[in-house]
Amino acid sequence: MKSWGLVLLLLAGMHARAEKTLVYCSEASPSTFNPQMGEDGPTFNASSQMLYNRLVEFEDGGTKTVPGLAEKWDISKDGKTYTFHLRKNATFHTTETFKPTRPMNADDVLFSFNRALKKDHPYHKVNGGHFVFFTGMEMDTMIKDIQKVDDYTVKFVLNQPAAPFIANLAMSFAVVLSKEYADQLTKNKTPEKIDIEPVGTGPFVLKRYVKDNSIRYDANPTYWAGRAKLDKVVFAITPDPNVRFQKLKAGECNLIAEPAPQDLKGISGNTKLKLMSQPGANVGYLAMNVQKPPFNKLEVRQAIAYALNRDNYLNVVYQSTATSARNPIPPTVWANNPDTKDYDYNPEKAKELLKKAGFANGFDTEIWTLPVSRPYNPNGKKMGELMQADLAKVGIRVTLVTYDWPTYLSKARNGEHQMIQIGWTTDNGDPDNFMGTLLSCAAVQGGSNLARWCNKDYDKIITRAKTVSDMRERSSQYFKAQELFKAQAPWVTLAHATVFRGMTQNVEGYKISPLGTEDFYPIDMK
Amino acid sequence: MKSWRKLFDNKASVVCLVFLSFWVLLALLAPVLPLHSPIEVFDGQQMKAPVWAGGEARFPLGTDDLGRDMLSRLANGSRISLGFGFLSVVVSVLIGGTLGVTAGFFGGFWDRFVLRMVDVLMALPSLLLAIVVVAILGPSLWNALWAVTLVSLPGFIRISRAAVLAEREKDYVQASRAFGAGRLRQMVLVILPNCTAPMIVQASLGFSDGILNMAALGFLGLGAQAPTPEWGAMLSDSKAYIESAPWLVTWPGLCILSVVLAFNLLGDGLRDAFDPKI
Amino acid sequence: MGRVLIKRLLNAVPTLFGVSLVAFLMIRLIPGDPVLLMLGERGGSPELVTEMRHNLGLDLPLYSQYFQFMGRALRGDLGESIISKRPVWNEFADRFPATVELSAAALLWSVLLGIPMGVIAAVKRRRWPDHLLMSASLIGYSMPIFWWGLILIMFFSVRLGLTPVSGRISALYDVEPWTGFYLIDVWRRGLGFAGFWETLRHMFLPALVLGTIPVAAIARMTRSSLLEVLREDYVRTAKAKGLSFYRIVFVHALKNALLPVVTVIGLMLGTLLTGAVLTETLFSWPGVGRWLVASVQARDYPVLQGGVLLLSVMIVLVNIAVDIYYIYLNPRLRGAL
């Protein structure tokens, strides 16, 4: 019996050694394989860096922009025209159904951006036509026109100068798709396949996807930057963080997303595993819907801020691995104001404020708790129960509500909630990506301002901060905005979480991105 | 009365009765016992081990992942499991009994209709049916109760109907009919008391099914909602800590198992006492 | 035989009608407008609401809605999942083999263990093996299996590191779905013994958990059925003839005693499916049970409707099959029909 086991083990070992396969235990199924239409981490991780490239890329593990499909670019004096010079050696994937006849060129760039930009583009409406980030980053109002100069030169003309344009182009959504593939699909009358059976220029080729189970990739043998050191990458979709940890220990995964705080010690204490960490550029918060009474009253919002024992959440939910959040902007991003006046834990004061607002006997309300573990909040339900207990002490009776993740997000975007746990990891490292994206009046319409808080003074400050180019001036504007925000208390800021990754010892060359994206290209396995 | 004596002669049944009385007392007295509140969060006291494993005397059975006293949560959980188990049995006896007795007594179309309903209810596995009901009504403790009750109805209907059919043809019923007893009078005064034995057996088993199903719904997140200390929900919250705090998983499960086991044993004892045929 | 079959099938028609009515009314019993509830978050333009209403047939009178629903269901069209946008039937077919494979494994070990347990208990009636085995089976019968699963994980996986905690096979093995039964499919891509062994290792704990209640039920049933048979005349005659006790038990009595046990095993399908809901959730087993629980949480009503209908039809049909098999095996009943 024993020798049998040994033989089997050997067989299994040989199987694994013949090829370098990385198994990544991810949190959720992607909603699409086209990052242009994605809006959540699991979707971007499964497609953006794996299958595609952008004109500009963020450096590995950093926020600096480096050349991608564009070898270099020039910016006109007035800051309105960007000319990109494309590399000539980038080829698209060869798949079972598609064989490219030419390298990536200007036509592909035009096709990809016009698909999102132009409402009458033949592929605009295919698979829904929601280009969440493209619109969210205001690329549609930023870009006036895109022109092909020659096969390897593309010109972007903007309506007005925009400092974040290059950084936006490096974001997950700004990928380049194959026009040749699209033409073939049009001919076959199966345009919807463009986002389901993806073809990109990236380091890996999609082999097979089984929903809620696994995604398999092979290395792209003709990748322009050189074939990846890994032969295969498998995403094993494992929503339960504890199960991810168990699988890591059992060797079923080599790398796991978002380990649960209570399992961190188990990873760092295991000689076969290693733990990596990095302060995250994120913020977890509780947003109060100011369009719904009683949260329209400032005193009520402040009372809630005083009533929540946030230090306890840091201990219990984050197991002391996060720092207390004072501002929306984390300290890892510039323009974080360290002197903002914070609310301390003070139930007495909270009761006083409630009385002043006319709620001496409290009120009934709901808190929506995160249904999944996110980098900024590993356990929404647990935090919800703590909040429930804290608020009960000041007379506020809370029901905890939750939905599955996509439903949760879209209901929240419609403003159906009262109080909601949510958070944010920056996509481009700019303060506006917190202060504007999450709190501006425009974002109430867009749906990403979940407090639905619109303050004209605040809006004026952040608009100015976005358009000036002097860093010091921008910084001082954001300092002012943060103070105003904190006094108005549309959110209770909770935590800036440290990002952790657990992996087996043989995984080498992996870097945690501060922007929350995963890149497996640099990884090697010993 | 001979049956009851027989029951008390059965050692296992007596042990079960004593054990269950203890739980019932605990459930009734939980609010007045010197316990912490089951939902009070003790800051900085998360996942404390039970007292014999190095914990503090304040929390004899340890604390959960949020820092709530396990002893108090388990004791208060018994209120929910036993209380809702009891409610489910009472409602099932009332509704199921009425349907079964009337079906058996009147026969005909009504009988066939009731039997069809039973067939339909039994065509789905109990937990799935309960899940469907919760899906329609929305997850909550009370909706879980309705679901669990609906699921347990077929058993009660069939047992009471069978008992009525068996009694109906017996001499004393025929006799009372000969003396001109009205139908309703017959049903209530003559047949019903003689159907109680099988109903009591079924009720005891219904208790254990009800408690198991409520716990299962709680475990799936479709029953009791936070912060209610329901045993099944407590289990599902603690599954992430099987490694770091095994007692969180151990206690609620032992509570469920012991109570369900006691009701099943008692059910066996009752059956032996009332119905020596089996 | 054919007549019996037809009679039973006809008998099942009203039940199936009732079941389909329940599944049909499900969506209509939800408090609030089901279409708005389904769209809810996505908002949905008025045209979309009208379109969905039409697709679900909600703009017709109730009776024609029912006929439309049944007409489609009979053609295998159970609608589309709201979440995945795929036909409910395909989603079901993807997951069903996983559930069948797990249930079959659970049933297999529970028969292999339960019947000997029952026989030993009956043979050693009122002696310690009887007490021990029957206590064990009563505990098994009373077990909250979701807890039992956690305890087994704690022991086998966490403490001893012997068995995996979730899924059907390690993601390292690229199993191409063919029959859907991994124990078969692993051979197809040359994953061979290693893959087969991996599959078995993954199946071990879930099957153990899922089989717990069936083992207990089978053991109890075998014991009481065997005891009953041992009391019957022909056994007494055999005894009087001086045959040895064990010869009587194994050659004569057991064969007859197992008849009702077969029925119990057949009717265990419902128990297995109930158990599968919990076991699959606990072990992230990608089967039908976990799928249905997830669709309650996601409020995916077409999936629930279709899943409930398919499973209940299946159970009704299996019950008929068990009935007929029972009659076929039992000569006394065969005469009666």
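In chain A, strand E8 (residues 204–210) and strand E9 (residues 214–219) pair in the antiparallel sense over six bridges; strands (E, at least two residues) and helices (H or I, at least four) are DSSP runs numbered from the N terminus, and two strands pair if DSSP finds at least two bridges between them. Within this pairing, A:Tyr209 stands opposite A:Ile215 in E9(A). E8(A) and E9(A) form a hairpin with three residues between them, and A:Asp212 in the turn has a positive phi of about 60°. E9(A) is also joined by five bridges to strand E10 (residues 232–237) of chain A, and these two strands run antiparallel. Here A:Arg216 stands opposite A:Val234 in E10(A).

The structure is predicted, so local features need pLDDT of at least 70 and side-chain atom pairs count only at pLDDT 80 or more, while totals for chains, interfaces and linings use all residues. Residues are numbered from 1 along each chain as its sequence is written, and chains are lettered from A and ligands numbered from 1 in the order in which they are written.

Chain A is assigned domain 1 (19–51 + 202–279 + 499–526), domain 2 (53–189) and domain 3 (282–497), with bounds that come from an automatic or database domain assignment. The C-alpha centres of domain 2 and domain 3 of chain A lie 35 Å apart. Seven residues of domain 2 of chain A are in contact with seven residues of domain 3 of chain A, contact meaning that the C-beta atoms, placed from the backbone, lie within 7 Å.

Turning to chains B and C, the contact takes 34 residues from chain B and 36 residues from chain C. On the side of chain B that touches chain C, the elements giving two or more residues are helix H4 (108–122), helix H5 (126–137), helix H8 (183–219) and helix H10 (246–274) of chain B. H10(B) gives the most, with nine residues.

H5(B) also meets helix H13 (residues 288–297) of chain C: their axes come within 10 Å and cross at roughly 15°, where axes are lines fitted to C-alpha atoms over the stretch in contact and angles run from 0 to 180 degrees between N-to-C directions. H5(B) and H13(C) are therefore roughly parallel to each other, a label for angles under 35 degrees. The contact is made by B:Leu128, B:Ile131, B:Val134 and B:Ala135 of H5(B) together with C:Leu292, C:Val293 and C:Val296 of H13(C).

Definitions and conventions: Contact = placed C-beta atoms within 7 Å. Parallel < 35°, antiparallel > 145°, perpendicular 65-115°, else oblique.
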